[in-house]
Every structure is written in C-alpha cells, then in structure tokens.
Amino acid sequence: MPEIIYQGKAYPCQPDETVLDTLRRNGIEVPYSCCAGACHTCMLHCLKGEVSERSQKDLKPALKNLKYFLACQCVPEQDVEVALPDDEDVYVSARLVEKEQLSPTVWRFRLEAAVPIYYHAGQFLNLKNEAGWVRSYSLASLPNEDEFLELHVRRMPDGQMSHWLIDHFSVGMHIEIEGPNGHCLYTDGEPERPLIMVGTGTGLAPLVGILRDALHQGHRGPIHLYHGVRTHDELYLHESLLAMAQQHNNVYYHACVSGDEPAEGLQAGRAADIALGEHPDLKGWRVFLCGAPEMVQQTRKKAFLAGASMQDISADAFTTPEH
Amino acid sequence: MSTLFEKIGGDAAVNAAVDIFYRKVLADDSISHFFETTDMEAQHAKQKAFLTMAFGGPNNYTGADMRKAHAPLVAKGLNEDHFNAVAGHLQATLEELNVPADLIGEVMAIAGSTKDDVLNR
Ligand code: FES
C-alpha cells in the first residue's frame, strides 16, 4: 500500500482510502466539508509523487500546474508527500463595497475582488475571514452584467460566520475569497426547454443568478422559480422577482410560505411539494435545486422519479448555503 | 462478429437504459431502501456500470468487487427475491426500449451469472 508523507511522517493507506481518509484516520486535521469534490475545502498541495487526474479535474489550470489536488477525491497509487495549501496561491482579497439588509434575516453583500474572477451565475465562493473561518456562499450576480460579486447571507442562530459577516464585516473592509466552484449553472443551446427551480431560504441566490443568466442568453421556454420560506417577511427579493415575472412572459415566480398564513398572491406549503404538485411530469425539464440539504436530496429523487433525467438535475453536492 | 454490447447499441443504449432502469428500481418499495443514498449521482453511476456489464460491454467489475460492494447489503438482508426483482426491472427496461428478445435473453443470462457474487454465496 502507498504511504502519505505529511510533515515528515509517513502514514500507510488502507485499500480504497482517499488521502483525506488516511490523514483523518491518523488524527490529522485537514479542513474538509462535502467529501464529494465540490467545495474544495480539502485542497492540498502535492510536493512529491503523482495524484489522480480525478482529484484535479475541477481545479483552475494554475492550481493544477502547482500540483494542488482535492484530498477527498484522491486514492493514491504511489507514495505522495503532501502539505496544506499556501493561502497566497488560492485566495484573493476582496473589498466590501455595499451591504444592505433585505429582510429581517437576510443581508446582501457586494464585493469587489482585487483581480477579476471569471465565474458563471450559480457558482459559489469560499470566504475566509481573519479568524480563519471558511464558509461557502453562492453568487447571485451575473459576470457580464454586474460590476460586483453579490452574495446573500442569512443570519443563522448557530452560524458564527453569518454573525461575523452581518455584525462586524463593514463596507471598506477586506476578506479573502476562493473560487468560483460548483456546477449548478445554466447551459445554453436549448432555449426552448422548460426550467424548474426550487430554492429555500438563501438558496434563492444562485437560482436568481441562473434565471437572469438564462434570460440574458435568450432562453424562451418557461422558467418556473419556487422560493420557499417559513414566514412571508423572509421573501427577501419579492418585489424584484414579481417585476421580473411581469417583464418576461416566460418567467413564473411562486412565493411559497410554509409557516404562517400566506397573504394574497402567496402559496401555502413547502416550495418543493408545491412545485412537484404543479408539475407532476418533468420529462424533458431541467431542474435546479438549492437550499436545505434534506430538501435538495428528497426533491432530487422526486424530480427523477417524476421523469427528469439525472443529468438534467443540477444541485451542488455542496448544499448548505446557509451558515 | 459484433459483440452483444455493440448489437444493443453500445454506450448510447446504456445511457438510454440507465435512467429508466434506476427509476424503476427506486420506485419499487420492496427494494428501493437498498438504493437509497444521499449521493444519488454516485448511485446512478453505479447502475450505469452494472448495465454496461450486463450488456457485455467494457467494464472493470470483477466477481470480487461484486462481492465486496454487496456485502453490506447482504448484511442488511439482501436476498434472492430482491435480486430477482432487480432482474425483472432490467428485463422490463429492455422491453420498453424494444431490444430484440434474443438479445434480452443474452443480457439476462449475464446478469443472472452474477447472482452468487451479489448475494455473497
Ligand atoms: S471535502 Fe473535498 S471537495 Fe469538499
């Protein structure tokens, strides 16, 4: 079995173990989150030896050349020497240019990166503050239309990063960002296909980006967007989404409230249930899911059983946009 | 002489079959719990590997892999009835795709040959 050399010590691998498994089994703290190759939190630097193609598949060319790889995706075939990544290679600095409260719990942040970031609407960034806390947030902006990177942050009772961002991170300050990551995005070439999007909470952020991207690229088929929240005051983009649905006759916005009596024009119940209830046959549809992990998992299965092809269901393995 | 895999339509046929097949398996309450996982995409990829093998196509499966992969399921009670149910869904999938009967027979024979390994017998 190959060995992993870390800080001068060798750790033998067990069969089928990833680099991340081996290090963690030996009590070494490597940051990680999704274990699915999506969040890039587990990125390591390979100092000696070879890593699998799969473990580098999604990395930027520059990082590939430097022999960075994802520890959770790499089952080594030979001895490798690894180290934690150099932050200067991976993170870039970004300045907060705007911060606005959109609802009792959600804030909008607009950031300006020190170097241009090439991304697609729907992808996400990792943010790291001075204390070294790292969290992922989806991009709600459009690269060719918006000047700044837009993120939506919801105050989570146990989410220390969300408290820090909302209470301490103010306009003019800098934060480290890494990205973009993720595959939940609009692909062009089939402008007539119907799209269905279901997002809970700030899972709305990437969906709004994807929706605007689709329109920008001339999508003509119907686009149904379901936003699910508990109480109606959490419908934090209500007015602008209503306006968007007014302007485009192929855009349908469904505001779904599960917790209290919905006011006029809102739908009562969980967004995913309402969406699948109204569209029981999803054959030929493209499906986008974002929000609470349980909702994403269950809805992925239901959408598949309702006829959507697996490759047409987009939801990032990283499915916890709310911290 | 073209192989069974080529006669059925190669990779394109596997792609057409895998969604239909996996959907049938998930919708069958008597077996779906063996396939329920948080990572549906990975599970879908496994079903594709299985179909590729059943079609007699290129694959990296060995009997030992089959045993190892299914051992946890056997521990959870996977038995011959479940095996037959999955085989039934495979047959129904091929019929739905209008694969000729003699080719279906060949595919089913390959699938049947994995039974002892799958059930760890
Ligand atoms: S933990 Fe490896 S990419 Fe998320």
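**View 1. A:Arg25 and its salt-bridge partner in the predicted model.** A:Arg25 counts as partly exposed, at 39% relative accessibility. Its partner is A:Glu17, and the two side chains form a salt bridge. The closest N and O atoms of this pair are 2.5 Å apart. A:Glu17 is buried, with a relative accessible area of 9%. That value is under 20%, so A:Glu17 falls in the buried class.

**View 2. The A:Arg108 and A:Glu100 salt bridge.** A:Glu100 is partly exposed, with a relative accessible area of 34%. The closest N and O atoms lie 3.1 Å apart. This distance is within 4 Å, so the pair counts as a salt bridge.

**View 3. A salt bridge between A:Arg193 and A:Glu190.** The closest N and O atoms of the two residues are 3.1 Å apart. A:Glu190 counts as partly exposed, at 43% relative accessibility. A:Arg193 counts as buried, at 17%.

**View 4. A network of salt bridges in chain A.** Shared partners join A:Glu98, A:Glu100, A:Arg108, A:Arg110 and A:Glu150 into one network.

**View 5. The whole structure.** A search over all chains finds 22 salt bridges. Among them are A:Glu17 with A:Arg25, A:Arg108 with A:Glu100, and A:Arg193 with A:Glu190.

Key
Residues are numbered from 1 along each chain as its sequence is written. Chains are lettered from A and ligands numbered from 1 in the order in which they are written. This is a predicted model: local features need pLDDT of at least 70, side-chain atom pairs count only at pLDDT 80 or more; totals for chains, interfaces and linings use all residues. Side-chain values use heavy atoms; hydrogens and water are left out. Buried means under 20% relative accessible area, exposed over 50%, partly exposed in between (1.4 Å probe, protein chains only).
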